[in-house]
Amino acid sequence: MTYYDEKLRVLQERVQRKAYLIPRVEELKKQKKELAPKLKVLEIYAHNESVDVENLESKTLTSIFYDIIGKKEEKLEKERAEAKDWILKRDTAKRELDDVENELESGERELASLVNCEEEYMDMLDKRLDLIRKTDIVDVDYGAILLEKISFCDNKIQKINEACEIIENAVNISNETIDELNSAERWGEFDMFERGKIADIKKYDHIGNAETLLFNLKKEISKLKIQIEDINIVVDIDVGLSEFSDTSDWIFDNIFTASNFLDNVDASKQSVRKAIEQIKRIKTSLENLKDEKAIELTKLQKEYEVLK
């Protein structure tokens, strides 16, 4: 059994490593999203402060002015200190971002290599069980292996149930988003014939509500992706609203802006409806997998009961 014991040990470590990497990679993505714009701002400040120093060091009007009033060295010292401070902040942020990006790239690459490790682990457990069943030798690991598979199936079913709850939330949010877009559409249709500020206010109020709901929907989709990462069901849902311009509506407020608004609402509804269809297909796949795991779990539990 040594061969199987060693294989199972290695595969179990891979499963545990994947369980650690999934939330870690998501956290790194979040950190990257926060650090990237912060670095851009710091780069602008560091550049501007460096330009101020160069202007004072060169024969510019600013340099001549401070030279005339006798405060050039004082001003130059202050600007150099500020430039140094901003450059330090920029370089620190850049190192942080580089570290995050490197770890993220490494984590994603490692995750890709672990994509099927759970299935490989379960397959190896099955082979070990089959060998035990085919021999008359009493194996002390028989019950332990059965319990491991029972625990694996039970955890998988629990994860699927939690994923289905996320899906229900996502579908409800999507339907609420459609409702808000329908309300915006009704006010947009009214605005086509009875243009006025009231209609503009109302329709963009509903667009604002739809955008808030869409933000929550994207959060649920991200949660779903993490929840079923180790189930190997792909979550690739790209949902969004069209770009609405309330400014042009307020300035021009004509049949063309009203018509463009309705076109954008229609495109947005199509995007959300497509997302609903994708989410429901994922739920169907999860429910089918849950049924398979439930059957497998029942068989394993019966086998363990006989063993006891």
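Author: Buried means under 20% relative accessible area, exposed means over 50%, and partly exposed lies in between, with a 1.4 Å probe and protein chains only. This is a predicted model, in which local features need pLDDT of at least 70, side-chain atom pairs count only at pLDDT 80 or more, and totals for chains, interfaces and linings use all residues. Residues are numbered from 1 along each chain as its sequence is written, and side-chain values use heavy atoms, with hydrogens and water left out.

Reader: Why is Cys-117 called buried?

Author: The relative accessibility of Cys-117 is 0%, and Cys-117 therefore counts as buried. Cys-117 belongs to helix α4, residues 117-134; helices here are DSSP runs of H or I with at least four residues, strands are runs of E with at least two, and both are numbered from the N terminus. Between the C-alpha atoms of Cys-117 and Gln-16 there are 9.6 Å, although the two are 101 residues apart along the chain.

Reader: What makes Ile-207 and Lys-149 count as buried?

Author: Ile-207 has 2% relative accessibility and so counts as buried. Ile-207 is located in helix α6, residues 197-227, and its C-alpha atom is separated by 6.5 Å from that of Leu-181, 26 residues apart along the chain. Lys-149 has a relative accessible area of 1% and is therefore buried. Lys-149 sits in helix α5; from Leu-39 it is 110 residues apart in sequence and 48 Å apart in space, C-alpha to C-alpha.

Reader: Why are α5 and α8 called roughly antiparallel?

Author: The axes of α5 (residues 142-193) and α8 (residues 255-307) cross at roughly 165 degrees and come within 7 Å. Axes are lines fitted to C-alpha atoms, for helices over the stretch in contact, and angles run from 0 to 180 degrees between N-to-C directions. Angles under 35 degrees count as roughly parallel, over 145 as roughly antiparallel, 65 to 115 as roughly perpendicular, and the rest as oblique. The two helices are therefore roughly antiparallel to each other. The contact of α5 with α8 comprises 33 nonpolar, ten polar and 15 charged residues; Ala, Val, Leu, Ile, Met, Phe, Trp, Tyr, Cys and Pro count as nonpolar, Asp, Glu, Lys and Arg as charged, and the others, Gly among them, as polar.

Reader: How do you know the relation of α5 to α6?

Author: Helices α5 and α6 pack at about 165 degrees, with axes 8 Å apart. That angle makes α5 roughly antiparallel to α6. In the contact of α5 with α6 there are 16 nonpolar, nine polar and ten charged residues. The crossing of these two helices is left-handed, a term used if the near helix is turned anticlockwise from the far one by less than a right angle, and right-handed if clockwise.

Reader: What makes the span of α3 close to the expected one?

Author: Helix α3, residues 72-113, has 42 residues and reaches 60 Å from its first C-alpha to its last, close to the expected 62 Å at 1.5 Å a residue. The expected span is 1.5 Å times one less than the number of residues.

Reader: Why is the protein chain called more spread out than a compact globule?

Author: The protein chain has eight helices and zero strands. Its radius of gyration is 30 Å, well over the 19 Å that the globule rule gives for 308 residues, so the chain is more spread out than a compact globule. The radius is taken over C-alpha atoms, and the rule is 2.2 Å times the number of residues to the power 0.38.
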